[in-house]
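Student: I should like to understand the reasoning behind the descriptions applied to this model. May we begin with the strands and then turn to the ligands?

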Amino acid sequence: MVHHQNKAIREGDNPDLTAERVTGTFDTHSMAAQIYNSEAHARRRREITEIIAKRPELHDTKPFPFMTREEKILESSRKLTLITKHMNEIIEPNNSNEMFHLNNEVLGIEGHPMALHGIMFIPALTAQASEEQQKKWLTRAINREIVGTYAQTELGHGTNLQNLETTATYDVATQEFVLHTPTITGLKWWPGNLGKSSNYAVVVALMFIKGKNYGPHTFMVPLRDEKTHQPLKGITIGDIGPKIAYNVTDNGFLGFDHYRIPRTNLLMRHTRVEPDGTYVKPPHAKINYSAMVHVRSHMITGQAIMLSYALTIATRYSSVRRQGQIDTTQPEVKVLEYQTQQHRLFPYIARAYAFVFAGAETVKLYERVLEEVATGNVSLMADLHALTSGLKSVVSHYTAQGIEQARMACGGHGYSQASYMSEIFGVAVGGCTYEGENMVMLLQLARYLVKSASLVKTGQSSKLGPLVAYLGAKSDSTSLIDRTPTTGFAEYVKTFQHIARRQTLKAADKFFGLMEKGEKRPIAWNKSSVELNRASRLHTRLYIVEAFVRRVEEVADPRLKEVLTDLLHLHVNYELLDMSTYALEDGFVSSSQLDYVRDQLYFYLAKIRPNAVSLVDSWEFSDQELRSVLGRRDGHVYENLFAWAKASPLNKTDVLPSVDKYLKPLMESARASKL
Ligand SMILES: CCCCCCC/C=C/C(=O)SCCNC(=O)CCNC(=O)[C@H](O)C(C)(C)COP(=O)(O)OP(=O)(O)OC[C@H]1O[C@@H](n2cnc3c(N)ncnc32)[C@H](O)[C@@H]1OP(=O)(O)O
Ligand SMILES: Cc1cc2nc3c(=O)[nH]c(=O)nc-3n(C[C@H](O)[C@H](O)[C@H](O)COP(=O)(O)OP(=O)(O)OC[C@H]3O[C@@H](n4cnc5c(N)ncnc54)[C@H](O)[C@@H]3O)c2cc1C
């Protein structure tokens, strides 16, 4: 038996796909260790996949697209119960990476009844509840004795937290908070699993003590009777209805009618209200926003994975789909041979790798900040907030674009739900909105950039933090890309730095200039905000390139290093062309240099071509996880598309009731009137 570098090869696979795998120049297991950040984790993912493959009770009973929403929720609850019961046989206890993989395999991306329990409820209690409160609630939450969510957004306000309408008014006499929803727009609206599944929530409400508004605070709130699951008195609660995707999750609404909770249900790790109503301030005003920062930090990797789902499907399918000829004397080619197809897919493969590397760095920083904040050190909170605000926005935006390109790259079959592309797109694109609408979060990063620009302008560049130190550096007058014999990544990084620095300083100038002309600060901010957000995007894209460079520098295995270097070349050239207006407008890069960049791009598209399938196989998604007929590992697409269509509920009978009831009489009367 020949040992191939690509570990996805099996006998009996579609030979067109096998031929792609045979040309792979690197070991896909080793690449998986880069993607999942450690050899051990990549191996555990494979082991978990194998365990699940052997347990049919953990498989979907039929394809998701053939189920109603109610059926999907039932099916998901069945599997959730099984994995809860058998969790310790499948994953290491409390290993969140393994849990994430188990969920993706068994439950899928459409959500499940305890999605927000793990994503936000437990992280909120972990970071914001006092030790005493954690003893009371966190252990029960981890054991799944109670199910919770994070209820912040309202019908009328999601972005502007200061104007939430839900109030928590302290009653000194009874030592209780009274939660109240004064209007329809004050109803909590959107929280995942609030509608039907959760019996508790961490609720964000404006806290009032003795008539003073202390702003948004977090409270642990029982919503439903623990035995009967009926809503408690004073609570109005339900599901908000179907969404673009993610419909297994019951996003919900919630209203309070003078609903009382004990004083000690205010989450009090950092903030306190004494029995007499004395307020004890937290060490940082935004410390209670930690559950949002948790999701923003982790969703970068989650988005990279969804982008890679789509790219795996499209790249494998493009290797078995033959259509048209390039040389008319030759047979029809795989559509992956077309340069346009490669240009559509490969730069996004590079982006997906770049995103997962940036995501790993972000989680590391998040964990460091979490530890420091627990000891009272809040000095890195602003940096983390700025970084995650930019990354969640840029990564979710390009992920949605990439998935849509991948769908189109699959032609007509990409439009079928058999591809699963529409669900992947629908779930991923939610990331542009949740955890802070992208424009809003880019503006959060812009505040940080403007402050940094102000340090540069006042000669205080030495005070710049490491994420923005480049803003204080001096630029060369022109880029040296193509102008030195050893044009390497350093020249590209310098060029991206120049572009981000120039845009940041220009946008800040515009803002400060408007204020100098007499505009009030918020008006000047609004009038500069498009330029400011451009700066935020460019800064974030620079960070992503740098994270990619850092990772490639670390890789020791020469075969991996070579292919990752090729991907990085593709990435920097593609990114530079994509932002060429910025590079050209001050003559930092000339049009002849851009011609070189274009040539490099085409060179690397061709160089990556033999490794394309191996690069997507390296993410090691099982067929169960991908849930896509087009993306099957074995490449047997056509016979399985036919089988999938035959299984459509519409094909259970030859004649539908709608035909009997309407179409037949219609045709009959049309025929009769002709007689
Ligand atoms: C696979 C599918 C999974 C699906 C799961 C989906 C789960 C989704 C859950 C949710 O969506 S939960 C709801 C999320 N909601 C939001 O993200 C709301 C967005 N809005 C905000 O975060 C805030 O309102 C705001 C935009 C950050 C503004 O907050 P606020 O009004 O309180 O700020 P200001 O008083 O204007 O102060 C700004 C000041 O504060 C700093 N800051 C803000 N947040 C943080 C933070 N987290 N950490 C540190 N610092 C923070 C900010 O930088 C400003 O600082 P300065 O510039 O003034 O120094
Ligand atoms: C799938 C999904 C899951 C969710 N899960 C939860 C959850 O579990 N818990 C929860 O509490 N919430 C949840 N949400 C709600 C989500 O966090 C909010 O919808 C999101 O933060 C955006 O707020 P918004 O809806 O108020 O948007 P809006 O603020 O109304 O946005 C509308 C437009 O106004 C613009 N805009 C608003 N403010 C500004 C500004 N200051 N400057 C410039 N432009 C601005 C935005 O850019 C956008 O273009 C979820 C949402 C989705 C889609």
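Tutor: We may begin with one pair of residues in this predicted model: Lys188 stands opposite Leu254, which belongs to strand S8.

Student: How do you know that S4 and S8 are paired strands?

Tutor: Two strands count as paired if DSSP finds at least two bridges between them. S4 and S8 (residues 252-256) are joined by 2 bridges and run antiparallel, so the pair meets the criterion of at least two bridges.

Student: What is the strand order of the sheet, and what makes S4 and S7 its edges?

Tutor: The order is S4-S8-S7 in an open sheet of 3 strands, with antiparallel pairing. Strand S4 (188-189) and strand S7 (235-239) each have a single partner strand, so one side of each is left without a neighbour in the sheet. In general, strands of a sheet pair through backbone hydrogen bonds.

Student: How do you know that the span of helix H14 agrees with its number of residues?

Tutor: H14 covers residues 489-516, which is 28 residues; at 1.5 Å a residue the helix should span 40 Å, and its end C-alpha atoms are 40 Å apart, so the two agree. Just after H14, Gly518 adopts a positive phi of about 105°.

Student: How do you know that the radius of gyration agrees with that of a compact globule?

Tutor: A compact globule of 675 residues would have a radius of gyration near 26 Å; the value for the protein is 27 Å, so it agrees. The C-alpha trace spans about 90 × 80 × 65 Å along its principal axes, and the secondary structure comes to 22 helices and 11 strands.

Student: What places ligand 2 between domains?

Tutor: The shell around ligand 2 also draws residues from both domain 2 (148-282) and domain 3 (291-462 + 488-615), so ligand 2 lies between them. It comprises 22 residues, of which Gln152, Thr153, Gly158, Thr159 and Met439 come nearest. Strand S1 (148-151) and helix H13 (438-457) are the elements that give two or more residues to this shell; H13 provides the largest share, 3 residues. The shell has 10 nonpolar, 10 polar and 2 charged residues.

Student: Which residues does UniProt mark as "binding site", and how do you know that they gather at one spot?

Tutor: An unreviewed UniProt entry places this feature at Thr153 and Gly192. They span 40 residues in sequence, yet no two of their C-alpha atoms are more than 10.6 Å apart, so they gather at one spot. Thr153 itself is found in the loop between S1 and strand S2 (167-171).

Student: What is the helix content of the span that UniProt records as "domain: Acyl-CoA oxidase C-alpha1"?

Tutor: The unreviewed entry places that feature at residues 289-450; the span is 76% helix and 0% strand, with its end C-alpha atoms 22 Å apart. The entry also places "domain: Acyl-coenzyme A oxidase N-terminal" at residues 27-147, where the chain is 68% helix and 0% strand and the end C-alpha atoms are 42 Å apart.

Conventions:
Residues numbered from 1 in each chain as written. Chains lettered and ligands numbered in written order. Predicted model: local features only at pLDDT ≥ 70, side-chain atom pairs only at ≥ 80, totals over all residues. Near = placed C-beta within 6 Å. Helix = DSSP H or I, 4+ residues; strand = E, 2+ residues; numbered from the N terminus. Nonpolar A, V, L, I, M, F, W, Y, C, P; charged D, E, K, R; others polar. Domains from an automatic or database assignment. Expected span 1.5 Å × (residues − 1). UniProt positions renumbered as here; feature names shortened; annotations may be inferred. Rg over C-alpha atoms; globule rule 2.2 N^0.38 Å.
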